[in-house]
2 protein chains.
Amino acid sequence: MLSINEERLLERINALGETGKDADGRRVRLAASDGDKDGRDMIVSWMKDAGLEVVVDRIGNIFGIWETPENRDKAPLMVGSHIDSVIDAGKYDGCYGVIAGIEVIKTLKEQGYVPERPIVTGAFTNEEGVRYAPDMMGSLVYAGGLSAEEALAAVGTDGTILGEELKRIGYEGTVEPGFIKPYAFIELHIEQGPIMDVEGVQIGAVENLQGISWQRITIEGAANHAGTTPTALRIDAGLAAAKVNVFLRERCLQSNGKTVATVGCIEFEPNAVNVIPSKAVFTADVRNPDETKLKEEEQALADYLKELEKTDKVRIHTERLVRFEPVLFDEGIVTCIEKAAKERGFSCRRMTSGAGQDAQMIARMCPTAMIFVPSVKGISHNPAEFTPDKDLLAGANVFLDVVKDFSSAK
Amino acid sequence: MLSINEERLLERINALGETGKDADGRRVRLAASDGDKDGRDMIVSWMKDAGLEVVVDRIGNIFGIWETPENRDKAPLMVGSHIDSVIDAGKYDGCYGVIAGIEVIKTLKEQGYVPERPIVTGAFTNEEGVRYAPDMMGSLVYAGGLSAEEALAAVGTDGTILGEELKRIGYEGTVEPGFIKPYAFIELHIEQGPIMDVEGVQIGAVENLQGISWQRITIEGAANHAGTTPTALRIDAGLAAAKVNVFLRERCLQSNGKTVATVGCIEFEPNAVNVIPSKAVFTADVRNPDETKLKEEEQALADYLKELEKTDKVRIHTERLVRFEPVLFDEGIVTCIEKAAKERGFSCRRMTSGAGQDAQMIARMCPTAMIFVPSVKGISHNPAEFTPDKDLLAGANVFLDVVKDFSSAK
């Protein structure tokens with residue numbers, strides 16, 4: 001049974017984790033920044049070290065291609081993730097998948113393995129979307145969901161233009177995004193949630209990705225004196241908002257764990273101790289891996305808001321902020337992940353990705369799935385993000401097996 | 001049956017309402033400001049016009065005293081309210097009671113009435129507490145609840161010292177607050193709530209004043225990803241805050257209208273759409289006119305917070321912001337108000353004052369009660385504050401009867 005080079009994988013994760021530190025020692029590799037350039041240069045050097053042909057497309061996605069004269073006519077197996085980060089990031093999110101992709105190819109080459117298909121490993125631009133919107137931009141453009149022109153014109157939170165910044169750091173390529181149509185796509189990633197850690201599971205075979213529905217809800221009531229207004233005459237926008245929060249939790253509890261919902265932001269007006277809120281503005285983040293169910297949840301919320309308008313005499317206005325349909329990953333790849341985990345003696349469970357991923361974009365082009373490893377306490381996007389070495393190695397070895405399997409498909 | 005001079009009363013309410021306008025045309029007579037001085041000067045001129053002896057005490061309370069050689073040894077009947085205002089105020093709150101106090105005395109004098117006791121009408125300093133804390137300051141100092149020294153040293157929101165500002169506008173008196181021990185105190189005021197307007201009642205005989213309990217409640221949960229954290233593993237501080245809001249409303253509904261509760265302020269951390277709130281900070285304003293009941297409500301809230309710590313795994317910290325015991329007004333005066341209203345053919349109901357009042361402070365010194373007239377839609381502290389003339393006149397005439405009655409007591 002083949003095995004990746006454990007020491008090399010861990011060393012590289014640490015090395016990439018040291019790039020992009022700001023003056024305060026925080027890991028900040030915002031897309032197309034100097035820190036991102038440092039990380040990209042490191043990745044490119046490792047791709048070259050593995051003997052890969054490095055190609056950068058117009059949106060700055062980096063690909064390391066391993067093809068032979070014998071297999072160059074076949075659709076390649078693609079793997080990859082991203083290395084851009086949030087502000088004050090951990091070192092695993094994204095980077096683990098990119099580094100493991102290179103490691104898997106290098107291992108296969110070192111062991112004299114000859115794949116039936118080319119293998120391509122990628123690092124997609126601006127997955128986090130912190131500096132430029134939207135997030136998952138590089139993979140979205142690659143899959144044809146957004147034009148390169150539009151993406152390159154994106155204006156950053158710091159007023160910069162993505163296209164100019166990519167050029168400045170030397171990562172504005174000339175190849176058209178989508179130039180390789182993959183045979184399949186596999187992404188290795190940390191879970192970013194607590195489920196595997198809590199359950200003590202080593203490998204997650206990610207079979208789908210939640211649909212995401214974000215709304216901003218504005219409830220209007222009547223500002224009145226908190227002491228002199230009898231309960232029966234109150235039109236309390238804040239109380240109505242509270243009822244929505246409680247309602248959403250009840251829906252989640254009734255959904256057998258499939259629906260999750262969060263009221264993350266809230267604001268009252270006039271926000272005074274002794275004035276009944278005349279306005280409450282808050283967000284509702286509702287997710288479900290099944291589109292029909294997600295629509296049911298959205299309808300249930302809409303119905304409840306209508307009911308509230310009657311019972312609480314408030315006026316309610318909703319605004320859609322984000323809507324992603326759920327993504328169903330490829331059953332063949334998921335089964336292959338489960339089989340590989342079993343053969344190596346690792347515990348495995350099927351998972352839903354609660355977060356957005358590059359894989360959800362590439363899934364528009366080809367059969368796709370993801371492998372998860374645990375995140376301790378579910379922490380991510382934070383320096384406290386942590387996955388024990390043994391779990392990183394387990395995931396990379398399962399990844400190796402699945403890549404070997406799919407790249408050997410005729 | 002005597003009657004106040006209707007035209008004069010209404011003219012004076014409008015005239016005082018025109019003082020203290022700022023550059024934007026907003027009525028702003030903050031305590032001890034130039035606008036307040038203009039209002040005070042007007043009140044003093046009307047007191048002098050009524051032949052009253054004007055005395056200003058150290059905290060700037062203005063008293064117009066009508067006494068005769070025959071009654072000067074008897075404890076005076078005191079009436080009054082305040083003329084300081086909030087920013088962008090209406091013209092009735094406070095002013096109506098001060099102007100009607102002068103009007104009642106002038107009417108009695110004009111009609112040749114000879115009271116058994118002196119009658120004193122007062123305008124108390126800084127009832128609103130907008131520029132200097134605490135509110136109801138002048139009456140609180142007058143009743144001995146706060147030393148004049150401490151109050152005069154109060155630093156304003158604009159950095160000024162109250163004592164210096166009172167001196168500057170010429171209203172720092174030398175007489176010690178509390179220099180007159182009243183036989184009784186009666187305050188005429190707009191309701192500042194919607195009950196009388198909704199019920200079509202003309203006269204409110206205010207028998208008590210709600211106890212007020214303000215707390216700041218901090219709930220700590222755990223910030224986690226809104227997509228990847230299963231419901232069962234969430235510690236959602238925002239949801240727990242919502243439950244408290246809903247719980248408070250349920251308590252109010254169970255209290256037959258006696259308890260009112262308001263969550264007026266709220267803040268989440270980190271306040272991001274896709275992060276479960278790690279912290280919710282909000283205020284609870286709970287009121288009941290009965291101290292035992294108010295304590296029960298506070299205990300019920302405390303018990304519920306303890307329960308929430310268990311069920312929702314959050315940590316909760318509470319901080320007391322304000323606590324006033326309820327005030328029970330004098331049954332004799334309340335009955336007299338009801339009788340006067342009945343004799344004049346006005347509808348009347350017993351009321352609880354939901355707002356704080358100068359009368360609640362003076363109630364520490366002597367039998368006290370209040371007369372309310374309706375506020376349309378319960379609006380106050382706002383230019384839209386409105387009481388129809390007929391209601392203003394009805395209230396002032398009932399006030400006249402009650403003052404006549406109590407000043408004739410031997």
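The crossing of α3(A) and α12(A) is right-handed, a crossing being right-handed if the near helix is turned clockwise from the far one by less than a right angle and left-handed if anticlockwise. This is a predicted model, in which local features need pLDDT of at least 70 and side-chain atom pairs count only at pLDDT 80 or more, while totals for chains, interfaces and linings use all residues. Residues are numbered from 1 along each chain as its sequence is written, and chains are lettered from A and ligands numbered from 1 in the order in which they are written.

**Helices α3 and α12 of chain A**

- The axes of α3 (residues 95-110) and α12 of chain A come within 10 Å and cross at roughly 55 degrees; axes are lines fitted to C-alpha atoms, for helices over the stretch in contact, and angles run from 0 to 180 degrees between N-to-C directions.
- That angle makes α3(A) oblique to α12(A), since angles under 35 degrees count as roughly parallel, over 145 as roughly antiparallel, 65 to 115 as roughly perpendicular and the rest as oblique.
- On the α3(A) side the contact includes Tyr96(A), Glu103(A) and Leu108(A), and on the α12(A) side it includes Leu392(A), Phe399(A) and Lys404(A); residues are in contact if their C-beta atoms, placed from the backbone, lie within 7 Å.
- The contact residues comprise 9 nonpolar, 1 polar and 2 charged, where Ala, Val, Leu, Ile, Met, Phe, Trp, Tyr, Cys and Pro count as nonpolar, Asp, Glu, Lys and Arg as charged, and the others, Gly among them, as polar.

**Helices α10 and α12 of chain A**

- Helix α10 (residues 331-343) and helix α12 (residues 389-407) of chain A have axes that come within 9 Å and cross at roughly 130 degrees.
- α10(A) and α12(A) are therefore oblique to each other, and their crossing is right-handed.
- Ile333(A), Cys336(A), Ile337(A), Ala340(A) and Ala341(A) of α10(A) meet Val398(A), Asp401(A), Val402(A) and Asp405(A) of α12(A).
- This contact has 7 nonpolar, no polar and 2 charged residues.

**Contact between chains A and B**

- In chain B, 49 residues are in contact with 49 residues of chain A.
- Elements of chain B that each supply at least two residues to this side include α7 (195-199), β7 (211-220) and β10 (279-288); helices (H or I, at least four residues) and strands (E, at least two) are DSSP runs, numbered from the N terminus.
- α8(B) gives the largest share, 9 residues.
- The chain B side has 24 nonpolar, 20 polar and 5 charged residues.

**Domains of chain A**

- Chain A is divided into domain 1 (6-209 + 327-407) and domain 2 (211-324), with bounds from an automatic or database domain assignment.
- The C-alpha centres of domain 1 and domain 2 of chain A lie 37 Å apart.

Terms used:
Contact = placed C-beta atoms within 7 Å.
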